[in-house]
Amino acid sequence: PSARGDQWCFRTLCCKGPPSPRPEYDLVCIGLTGSGKTSLLSRLCSEATDNIGPTTGFSIKAVPFQNAILNVKELGGADSIKKYWSRYYQGSQGVVFILDSASTDEDLELARTELHSALQHPQLCTLPFLILANHQDKPAARTTQEVGQPHTHTY
Ligand SMILES: Nc1nc2c(ncn2[C@@H]2O[C@H](COP(=O)(O)OP(=O)(O)OP(=O)(O)O)[C@@H](O)[C@H]2O)c(=O)[nH]1
Ligand SMILES: [Mg+2]
């Protein structure tokens with residue numbers, strides 16, 4: 001190999017420097033049980049989404065994007081866990097709230113109540129807030145506009 005080639009190899013292997021670090025942000029992900037929090041985060045991490053069970057407690061995933069890494073803390077949505085959500089809000093820099101757009105009206109109202117208390121929580125109320133209307137593939141799914149409408153009872 002020529003001296004030039006050696007030099008090229010050396011430069012390529014040694015002089016490239018570390019990849020520029022991506023900024024990291026800490027997010028909290030909430031929503032009723034079954035809304036699809038773990039499924040969504042697993043998909044974003046290119047992990048298998050079959051055999052996902054309800055999250056007991058919380059789970060943290062580092063979700064890589066081109067310009068940033070989001071460290072997302074999912075809080076399980078079961079009733080026994082939901083009541084402790086606010087204990088895990090501290091340090092969050094953003095919020096993702098997942099809705100099941102195909103749920104019953106009753107569950108959607110329950111989700112609305114939880115969403116409103118999260119939006120009003122002192123540790124969350126100033127943060128960027130994403131509300132994701134999930135389960136859009138189901139025939140019964142409400143559109144994002146319908147999800148946003150206040151529920152009207154029809155008798
Ligand atoms: N059809 C459909 N099914 C979904 C979707 N998202 C999640 N699921 C299914 O819904 C079920 C519950 O999903 P999870 O991701 O465990 O829900 P979760 O919000 O993490 O639930 P908890 O951890 O109990 O709070 C699983 O069987 C998923 O396969 C979706 O967009 N469409
Ligand atoms: Mg989960």
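The model is a predicted one. With 18 C-beta neighbours inside 10 Å, Thr55 counts as partly exposed. I listed its contacts, leaving out residues up to four places away in sequence, and got Thr38, Glu74 and Gly76.

I then turned to Thr38, which sits in helix H2 (residues 37-44). Is Thr38 buried or exposed? It has 21 C-beta neighbours inside 10 Å, and 20 or more is the cut-off, so I put Thr38 down as buried. Beyond its neighbours within four places in sequence, Thr38 is in contact with Ile52, Thr55, Ser59 and Glu74.

UniProt, in an unreviewed entry, places the feature "binding site" at Thr38 and Thr55. They span 18 residues in sequence, but no two of their C-alpha atoms are more than 7.5 Å apart, so they gather at one spot.

Next I traced the sheet. It is open, has five strands in the order E2-E3-E1-E4-E5, and its pairing is mixed. E2 and strand E5 (129-134) are the edge strands; each has a single partner strand, so one side of each lacks a neighbour in the sheet. I noted an average twist of 25° from one strand to the next.

Strand E4 (residues 94-100) and E5 run parallel and are joined by six bridges. I followed Ile98 across to E5, where its bridge partner is Leu132. Helix H4 (residues 105-120) packs on the sheet and touches strand E1 (24-30), E4 and E5. The direction of H4 makes about 170° with that of E4.

Methods:
Residues are numbered from 1 along each chain as its sequence is written. Chains are lettered from A and ligands numbered from 1 in the order in which they are written. This is a predicted model: local features need pLDDT of at least 70, side-chain atom pairs count only at pLDDT 80 or more; totals for chains, interfaces and linings use all residues. UniProt positions are given in the numbering used here, feature names are shortened, and annotations may be inferred rather than shown by experiment. Helices (H or I, at least four residues) and strands (E, at least two) are DSSP runs, numbered from the N terminus. A residue is buried if 20 or more other C-beta atoms lie within 10 Å of its own, exposed if 12 or fewer, and partly exposed in between; C-beta atoms are placed from the backbone. Two residues are in contact if their C-beta atoms, placed from the backbone, lie within 7 Å. Two strands pair if DSSP finds at least two bridges between them. Axes are lines fitted to C-alpha atoms, for helices over the stretch in contact, and angles run from 0 to 180 degrees between N-to-C directions.
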